[in-house]
Amino acid sequence: MDNRELWELLGMDLEKHDEFLAPIPALATELFFNRPNRPAAMSYFDMVLADVHGIRVKELYEKKQKGAKIFASFCVYVPEEIIVATGSVNIGLCAGAQFPISTGERVLPRNLCPLIKSTMGFKLDRICPYFQVADWVIGETTCDGKKKAWEVLNQYIPTYVLELPHKKEARDYRLWEEVVLEFADFVEKETGVEITEENLQKSIEVINNKRKALKRLADLRKNKPSPIHGLDVLLINQLAFFDDPERFTGQVNQLCDELDERVNKKIGVAPADAPRILLTGTPQPLPAWKIHALIEKAGAVVVGEETCTGERYFRNLTEPAENKEDMLKNIAKRPLQINCACFTPNSGRIEDIVKMTENLQADAVIETNLQFCNPYAIESFSVSKEMEKREIPYLRLETDFSDEDQGQLLTRVEALLEIIRS
């Protein structure tokens, strides 16, 4: 079965899908495939990107034919170990493009986060095969926009919502543990597969290994000169939500082996004195590459991301345990170590930014916020004050998924880099 046969079988709008995909090959070639001095091991991730709506979707469809369930999400608070334990698949969702936003605005307000509108538009337009192959969407209450959007999305695809507490006190940990246990019951019921000590222990190992590989990749970016472009790492982090976890882990470790050699030979993708940028703020879901591309086009190198498509996803591991009950408790405990702006107070995020700036030898912090993402927009006040106090150059950018503001954003980035170089 070729891709188009598969897409038609999944009920996709092929004409609209063709229109959406048309500019992607040229963009991917410009941003990734034709960039000089890239590690050879990036070829695997280039291959996945080149057929991102084909190879993996076909795998998922074949798994469904054998009885597996497909759960789709785009938040790091979804406990994927529980899904994987049942032999099911947890995948990310298309959410980072301007193309479907006008459709999303038919059912959602215009003054809403573009990530939410893009996600909704992808489903309504039937141009995201991951939506089409999924049995369930797993939502979460990380913001008011998502919380209410799930009610609308549930009319188009079954949507299960995890209630995330917005504080980190003892009662909040108890609430979240209860939510995770209920989710485990839900997954067992939907899949018809019992979660056991054996399959849960295996799934924890698989997902922890993926996080360890991504952490290894992140640690290699501490070196001067940087052995890999930040844009390439962003792509890898985005694909972490889509690819088979064990295969993906092997490919990331293979890349890291090559980067180890580059570090030893002092081979970098930019001069050793190129400005080093830490990015923080809202996530950048596939295919949102604009900010990284502009920063590195200006002559800097992105050396880290304090985002959900970065450090927040892989920094903490699920602690091992001897029995199923304790494993589930540890699965619940890990996500609450993530410092999303949905929490109050959230001083831990500022501490993370400072620590990453020091560890990665970053010269500046750029905070990028999606329009109408109020939690991050408001929290940027505290971030900027701390950066000022520590005399760390800081720039806040507000944007969406369109290309219209690229010139303005590039000018502001270049001005920051001039300050660093002066």
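Tutor: A search of the whole structure finds one disulfide, the term being used for a pair of cysteine sulfur atoms within 2.5 Å. This is a predicted model, in which local features need pLDDT of at least 70 and side-chain atom pairs count only at pLDDT 80 or more, while totals for chains, interfaces and linings use all residues. Residues are numbered from 1 along each chain as its sequence is written, and side-chain values use heavy atoms, with hydrogens and water left out.

Student: Which residues does the disulfide join?
Tutor: Cys94 is joined to Cys128, with an S to S distance of 2.4 Å; the pair links distant parts of the chain, 34 residues apart. The torsion about their S-S bond is about 75 degrees, so the disulfide is right-handed.

Student: Is strand S7 largely enclosed or open, and why?
Tutor: Buried means under 20% relative accessible area, exposed over 50%, and partly exposed in between, with a 1.4 Å probe and protein chains only. Strands (E, at least two residues) and helices (H or I, at least four) are DSSP runs numbered from the N terminus. Seven of the seven residues of S7 (residues 364-370) are buried, so the strand is largely enclosed by the rest of the structure.

Student: What pairs with S7 in the parallel sense over five bridges?
Tutor: Strands pair if DSSP finds at least two bridges between them, and here the partner is S5 (residues 276-281).
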